[in-house]
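Hi everyone, thanks for making time this morning. I'd like to walk you through one part of a structure, so let me put it on the screen.

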Amino acid sequence: MAQALRLAERGLYTTSPNPRVGCVIARDGQVIGEGFTQPAGQNHAEAEALNAVRGRGGNARGATAYVTLEPCSHYGRTPPCADALIAAGINRVVVAIRDPNPLVAGEGIARLRAAGIAVECGLMESAARELNIGFFMRMTRGTPWVRSKIAASLDGRTALANGASKWITGAAARQDVQHWRARSCAVLTGIGTVLADDPLLNVRDWEIPRQPLRAVVDNGLRLPPNARMLEEKGGVVYTASQDVKKIAALENVGARVVVLEDANGQVDVARVLLDLAGKGCNEIMVEAGSKLNGALLQAGLVDELVLYLAPQFLGDMARGMARLGELTGLDQRIDFDWQDVRHAGKDLRIVARVKK
């Protein structure tokens, strides 16, 4: 199963909106085939592993399949993997974790057992769930896993008072960010960041088959049609504005404009996440300033921080990480659990999860 999980990791940047799955087929203690889920519309892990067995001139009859996620039982863009395992003559399947997708949700395991196949479930379950944390969140709560990336000084400042921020962290940290972008289905920012930095919001220096969706929260539609994030068609603009001319100007350059106004005349950030989930987004990377970070944190919508800390002070006049307003009691604080701390060049990278 550990090998199956390592195989699944090879789909870290490629499988969305599908989960990352690995499969190892073994007989008499020997691996006879293995595979991992290919990009959407192509083979799932089980089909890849069975093809590997056949490619070696063998067959899988009487073998055991180790799969990191319950084999699917429905027709999507590919046939059911449970049926493929049954047809191949597999007599035992070890599953790391059940599939939370309502189209599966135990049906794959039930189908295997009905065919007389022995099924065991729960081996290395936590590792399998972690690998697909965004997929599990989208399937169980209806929203993606939200990961907020912040680069700051040691005293928690993200830019000078005049907005200058290039560069607080070093080249190694900025390169490390590309890994997090590459595994994300979308990169979400705020209009203040776009107007200040005009970012591309794409993955650079990595060969990946797809770029993350680029999205911006822009209450008043201040985004210029020539913004670099719109150079490739497919960018999404979430707004509270009904300005027909501005909407038309953005749509003319290929942007999708979505009006999601809340009761206060601002963009409803909770509905933004619902919209992104509806587009099949499992993991969202937020790269924004203190206003959007604060709004998401206050609404309880951030799951994880990826925080890069540079060994420097910028002073109390510089801009902070998240605009939360004044807290009048410690019970209003937002608590985190440390997940990982390591160096990224001269900087520290801290991964922390919000306590829910």
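I'll start with the sheet and then zoom in on one arginine.

Please keep in mind that this is a predicted model. What you see here is an open sheet of nine strands with mixed pairing, running in the order 11-10-9-8-12-6-13-16-15. At the edges stand strand 11, residues 256–259, and strand 15, residues 336–344; each has a single partner strand, so one side of each has no neighbour in the sheet. On average, neighbouring strands are turned by 20 degrees against each other, ignoring direction.

Now look at one pair. Strand 13, residues 304–310, and strand 16, residues 347–354, run antiparallel to each other and share six bridges.

Where is arginine 147 placed? You'll find arginine 147 in strand 6, which covers residues 145–153. Is arginine 147 buried or exposed? Its relative accessible area is 2%, and because the cut-off for buried is under 20%, arginine 147 counts as buried.

What does the side chain of arginine 147 meet there? It makes a polar contact of 2.9 Å with the side chain of glutamate 283. Setting aside residues up to four places away in sequence, arginine 147 also touches others, including Trp180, Arg183, Ser184 and Glu304.

Methods: Residues numbered from 1 in each chain as written. Predicted model: local features only at pLDDT ≥ 70, side-chain atom pairs only at ≥ 80, totals over all residues. Heavy atoms only, no water. Helix = DSSP H or I, 4+ residues; strand = E, 2+ residues; numbered from the N terminus. Buried < 20%, exposed > 50% of the residue type's maximum accessible area, 1.4 Å probe, protein only. Polar contact = N/O pair within 3.5 Å; in protein donor to acceptor, adjacent residues only side chain to side chain. Contact = heavy atoms within 4.5 Å. Pairing = 2+ DSSP bridges. Axes fitted to C-alpha atoms, helices over the stretch in contact; angles between N-to-C directions.
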